[in-house]
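Biologist: Please show me how to read a new model. I would like to take one feature at a time.

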Amino acid sequence: MIFDCDGTLVDTMPLHFKAWVKAMAAVGITITEKQFYAFSGMPTVKIIETLAAEQHVACDVEAAAHAKERLFLENIESLEPVHSVMEIVQREHGRRKMAVASGGWNSVIKRSLGAVGLQDMFDAIVGADEVEHGKPAPDIFLEAARRLNLKPDECLVYEDGDLGIQAARAAGMQVIDVRPWYLPRR
C-alpha cells in the first residue's frame, strides 16, 4: 500500500494554500486556489518554475520554494489527519508493507506525518526531492515499490490528486481516488 501525504493522509491543503499565496506574493507571483489544486502532487520547484514562466516573473526559484516550505512549517501543529485514510493505515500497520510517496520534500512529509501521529507507521517514505521526475511521472511510486521490495503490480496507491493518479497508473499500479471519501477543508 502506497499513500500520498498531502490531502490523502494529512489534511494539509488549506495550510499549504496559505503558504503558497504568501510566498508567491513576496516574489511577485499570483496563485489562485484553482491553480493550487490543479498542481496537487507536483514538486514545489516545478510549480514555481511554471507560474514564473506563465507570469513572466524572474525569481530565485529555490529561495521561493524554501520560503513556501518555511511558511507551511510555521503552522504545522494545526494539521489534522484525513480520518478515513488514517483508519486504513492503522488497521493495516504491521499486516502489509506500506509507504508514503508524496510530491513534498521528505523532511516536510515526515514533519506532517509526525504532526498527526503517523510518523512510525510506514516502511518507507519517498519525497519528490529523492527522485528525478515528480508526478505525473511514475518515478516516486516506482521508488516506493522498490524500497518495499515489491513489483509495481503488487501495489495499491491511495491518492487525492489528478497528477498522482496519472503517476500511479503510469507506474502500473492500481489506484484509489480518496477524494470522494471526504470534503477537504478550504
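Modeller: We will go through a residue, a sheet and a cavity. This is a predicted model: local features need pLDDT of at least 70, side-chain atom pairs count only at pLDDT 80 or more, and totals for chains, interfaces and linings use all residues. Residues are numbered from 1 along each chain as its sequence is written, and side-chain values use heavy atoms, without hydrogens and water.

Biologist: Is A19 buried or exposed?

Modeller: Buried means under 20% relative accessible area, exposed over 50%, partly exposed in between (1.4 Å probe, protein chains only). A19 has 4% relative accessibility, so A19 counts as buried. A19 sits in helix α1, residues 13-26. Helices (H or I, at least four residues) and strands (E, at least two) are DSSP runs, numbered from the N terminus.

Biologist: How many bridges join β4 and β5?

Modeller: β4 (residues 156-159) pairs with β5 over 4 bridges. E159 stands opposite D177 in β5.

Biologist: Which helices supply at least two residues each to the lining of the largest cavity?

Modeller: They are α1, α3, α4 and α6.

Terms used: Pairing = 2+ DSSP bridges.
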